[in-house]
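Please look through the sequence and the structure below before reading the briefing that follows.

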Amino acid sequence: MLEFVPVRLWSIPQLMNFLEQFEPYEGLTFVGGEPVSQAATLVHLIDGLRARRDTGFVTYTEYMLGELLAAHNAAWHALVERTDLLVDGEYVVSHAGRYL
């Protein structure tokens, strides 16, 4: 995994207010920077946004679902529970294509 280097730090309320400018939206996708490494913060964001409106969440992670569930990490479990669609597994460049 690559080293995590924050570019911009936002509080949960700041991010929620920022996202309001894009309404209406149906959901958010968490990808890049390995979302699982920020699981506790994403759980708070999901809970805050869902308190305001019905929102769906997609999470892309290099971890397999079994790894997430087997880990002794409450934040990981909470993120999985709140994720509507989990895309798991290592990204393999040779499998990439233009499918849309």
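**Salt bridges, sheet and surface**

Arginine 53 has a relative accessible area of 23% and is therefore partly exposed, where buried means under 20%, exposed means over 50% and partly exposed lies in between, with a 1.4 Å probe and protein chains only. This is a predicted model, in which local features need pLDDT of at least 70 and side-chain atom pairs count only at pLDDT 80 or more, while totals for chains, interfaces and linings use all residues. Residues are numbered from 1 along each chain as its sequence is written, and side-chain values use heavy atoms, with hydrogens and water left out.

**Salt bridges**

- The structure holds 4 salt bridges, a salt bridge being a side-chain nitrogen of Lys or Arg within 4 Å of a carboxyl oxygen of Asp or Glu.
- Arginine 53 forms one of them with glutamate 23, and the closest N and O atoms of this pair are 3.8 Å apart.
- That pair links distant parts of the chain, 30 residues apart, because glutamate 23 is in the loop between H1 and E1 and arginine 53 is in the loop between helix H2 (39–52) and E2; helices (H or I, at least four residues) and strands (E, at least two) are DSSP runs, numbered from the N terminus.
- Aspartate 84 and arginine 50 meet through their side chains in another salt bridge, at 2.6 Å from N to O.
- Aspartate 84 lies in the loop between H4 and E3 while arginine 50 belongs to helix H2, so this pair ties together parts that are 34 residues apart in sequence.
- Aspartate 84 counts as exposed at 53% relative accessibility, whereas arginine 50, at 31%, counts as partly exposed.

**The sheet**

- Three strands form an open sheet in the order E1-E2-E3 with parallel pairing, and two strands pair if DSSP finds at least two bridges between them.
- The edge strands, each pairing on one side only, are E1 and strand E3 (85–88).
- E1 pairs with strand E2 (residues 56–61) in the parallel sense over 4 bridges, and threonine 29 stands opposite valine 58 in E2.

**Threonine 83**

- Threonine 83, in the loop between helix H4 (74–82) and E3, counts as buried because its relative accessibility is 13%.
- Its side chain makes a polar contact with the side chain of threonine 59 at 3.1 Å, a polar contact being a pair of N or O atoms within 3.5 Å in which, within protein, one must be able to donate a hydrogen and the other to accept it, and residues adjacent in sequence count only if both atoms are side-chain atoms.
- The side chain of threonine 83 also reaches the backbone oxygen of leucine 79 at 2.7 Å.
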